[in-house]
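This report describes one protein structure for a reader who meets it here for the first time. The sequence and the structure are shown below, and the account follows directly after them.

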Amino acid sequence: MDTSEEAILRFCRRYVANLLDIEVDAVDPEADFDHLGIDSAIAVALLTEVEEHYDVDVAPETLFDNPTLRAVAVYLHEQLRQRVAP
């Protein structure tokens, strides 16, 4: 599985676009969640999907500390990289 920042970002953008019923290109990876229309229910759904897809535990406050999809992708990439590092 590709766990690069860009692959994680693509996954998150597709997932959010599907939930919001918009085109993937309309999901700005640099926009704050509230600007994208991501409320707490969608944030929890994203968090759950990311945890299942990447087999990683993510604390809910991570989304508050990383309030854009790009920031989430960077955070997840780092977590996954550390998990496989010797």
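## Asn66 and its surroundings

Apart from neighbours within four places in sequence, Asn66 is in contact with Phe33, Ala71, Val72 and Tyr75, where contact means heavy atoms within 4.5 Å. Asn66 is found in the loop between α4 and α5. Helices here are DSSP runs of H or I with at least four residues, numbered from the N terminus. With a relative accessibility of 15%, Asn66 counts as buried; the term buried applies under 20% relative accessible area, exposed over 50%, and partly exposed in between, for a 1.4 Å probe and protein chains only.

## Basis of the model

The model is predicted: local features need pLDDT of at least 70 and side-chain atom pairs count only at pLDDT 80 or more, whereas totals for chains, interfaces and linings use all residues. Residues are numbered from 1 along each chain as its sequence is written, and side-chain values use heavy atoms, with hydrogens and water left out.

## The nonpolar core

In soluble globular proteins, nonpolar side chains tend to be buried together. A nonpolar core is defined as a set of buried Ala, Val, Leu, Ile, Met, Phe, Trp, Tyr and Cys residues joined through side-chain atoms within 4.5 Å. The largest such core has 26 residues, of which Val50 and Leu69 touch the most other members. Two or more residues of this core come from each of α1 (5–20), α2 (33–36), α3 (40–54) and α5 (69–84). The greatest contribution is that of α1, with seven residues.

Beyond its neighbours within four places in sequence, Leu69 is in contact with Leu9, Cys12, Arg13, Val16, Val27, Pro29, Phe33, Leu36 and Leu46.

## The largest pocket

The largest pocket has a volume of about 180 Å³, a volume being the space filled by probe spheres set on grid points that are joined across faces, edges and corners. On a 1 Å grid over the protein atoms alone, a pocket is an open set of points where a 1.4 Å probe fits, with protein on both sides within 12 Å along at least five of seven lines; its lining residues have an atom within 4 Å of a point.

Among the lining residues are Phe33, Asp34, Ser40, Pro60 and Phe64. At least two residues of the lining are supplied by each of α2, α3 and α4 (61–65), and α3 provides the largest share, four residues. The lining comprises eight nonpolar, one polar and two charged residues. In this classification, Ala, Val, Leu, Ile, Met, Phe, Trp, Tyr, Cys and Pro are nonpolar, Asp, Glu, Lys and Arg are charged, and the others, Gly among them, are polar.

## Salt bridges

The structure holds four salt bridges, each a side-chain nitrogen of Lys or Arg within 4 Å of a carboxyl oxygen of Asp or Glu. In one of them, Glu6 pairs with Arg70, and the closest N and O atoms are 2.7 Å apart. Glu6 belongs to helix α1 and Arg70 to helix α5, so this pair ties together parts that are 64 residues apart in sequence. Arg70 also forms a salt bridge with Glu30, at 2.8 Å from N to O. Because Glu30 lies in the loop between α1 and α2 and Arg70 in helix α5, the parts tied together are 40 residues apart in sequence.

Another salt bridge joins Arg81 to Glu78, with the closest N and O atoms 2.7 Å apart. Both residues lie in helix α5, three residues apart, about one turn of the helix. Through shared partners, salt bridges join Glu6, Glu30 and Arg70 into one network.
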